[in-house]
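Please read it alongside the sequence and the 3D view.

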Amino acid sequence: MLSAEIIVITLGVVSESSFLTQVVTLFGIAFLMTIGVYGLVAVIVKIDDAGLYLSQKRAAIAQSVGRGLLVFAPYLMKTLSIVGTVAMFLVGGGILSHGVHVLSEWIGEAARETALIPALGDIISAVVPTLLNGIIGLIAGVIVVVVVSLLSKLKPNAQ
């Protein structure tokens, strides 16, 4: 979802440019995102392997670091699964709200109205669009799950 959001933003930035500029820009962004994202994922996936490797070394410091990585890895994975799910709803909701003019206007109006709240209005109005995008993403996710569940019940089981 984040990749789609970045591509949409990039297209918006270069929309007035020549076709060649758009293609080169999108290629560059896609290439950098792929290297960055998959590189980071590779490091995260291999963190427990690195921990095991280091924990079997002779040096006490390497063993300590290795054991630390082995303890840290499950907590990192759990945290990333939660943060990733929340980010997916936020970004997905943002894409949907930007694509549906009524939602976009409603979110903008909500932000403008909350800005009028005394003392904390500016802070609240800065958070409201993100919160509403997250709610829209969550609703869309629930709809998809319900539809897929219903469709899977209609399809006969292959045995």
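How many helical turns separate Glu109 and Arg112 in helix 5? The two residues are 3 apart in helix 5 (residues 101-114), so about one helical turn lies between them. An α-helix has 3.6 residues a turn, so residues three or four places apart point the same way. The model discussed here is a predicted one.

**Salt bridges**

- The whole structure contains 2 salt bridges.
- Glu109 and Arg112 form a salt bridge through their side chains, with an N to O distance of 3.2 Å.
- Glu109 is partly exposed at 35% relative accessibility, and Arg112 is also partly exposed, with a relative accessible area of 47%.
- Lys46 pairs with Asp49 in a salt bridge whose closest N and O atoms are 3.1 Å apart.
- Lys46 has a relative accessible area of 49% and is partly exposed; Asp49, with 39%, is partly exposed.

**Helix 3 and its packing**

- Helix 3 spans residues 47-55, and its buried residues are Ile47, Gly51 and Ser55.
- Viewed down the axis of helix 3, these buried residues lie within an arc of 70°, so they line one face of the helix.
- Ile47 belongs to helix 3 and has a relative accessible area of 14%, which makes Ile47 buried because the cut-off is under 20%.
- Beyond residues up to four places away in sequence, Ile47 touches Leu69, Phe72, Ala73 and Leu76.
- Of these, Ala73 is 26 residues from Ile47 in sequence, while their C-alpha atoms are 6.6 Å apart in space.

**End of helix 5**

- Thr114 is located in helix 5 and counts as buried, at 16% relative accessibility.
- A polar atom in the side chain of Thr114 lies 3.1 Å from the backbone oxygen of Ala111.
- Setting aside residues up to four places away in sequence, Thr114 touches Gly121, Ile124, Ser125 and Val128.

- Asn133 sits in helix 6 and is buried, its relative accessible area being 12%.
- The side chain of Asn133 makes a polar contact of 2.7 Å with the side chain of Ser97.
- Apart from neighbours within four places in sequence, Asn133 is in contact with Phe89, Leu90, Gly93, Gly94, Ser97 and Ile107.

**Nonpolar surface patch**

- A nonpolar patch on the surface has about 1,100 Å² of accessible area in total.
- The patch is formed by Ile117, Leu120, Ile123, Ile124, Val127, Leu131, Ile135, Ile139, Ile143, Val147, Leu151 and Leu154.
- One of the patch residues, Ile124, is also among the residues touched by Thr114.
- Leu154, another member of the patch, lies in helix 6, which covers residues 121-154.
- Is Leu154 buried or exposed? With 69% relative accessibility, Leu154 counts as exposed, because the cut-off for that class is over 50%.

Technical notes:
Residues numbered from 1 in each chain as written. Predicted model: local features only at pLDDT ≥ 70, side-chain atom pairs only at ≥ 80, totals over all residues. Heavy atoms only, no water. Patch = residues over 30% accessible without salt bridge, like charges linked within 9 Å, V, L, I, M, F, W, Y side chains within 5 Å. Areas by Shrake-Rupley, 256 points an atom, 1.4 Å probe, with all protein chains shown as cover. Salt bridge = Lys/Arg side-chain N within 4 Å of Asp/Glu carboxyl O. Helix = DSSP H or I, 4+ residues; strand = E, 2+ residues; numbered from the N terminus. Buried < 20%, exposed > 50% of the residue type's maximum accessible area, 1.4 Å probe, protein only. Polar contact = N/O pair within 3.5 Å; in protein donor to acceptor, adjacent residues only side chain to side chain. Contact = heavy atoms within 4.5 Å. Arc of directions from axis to C-beta.
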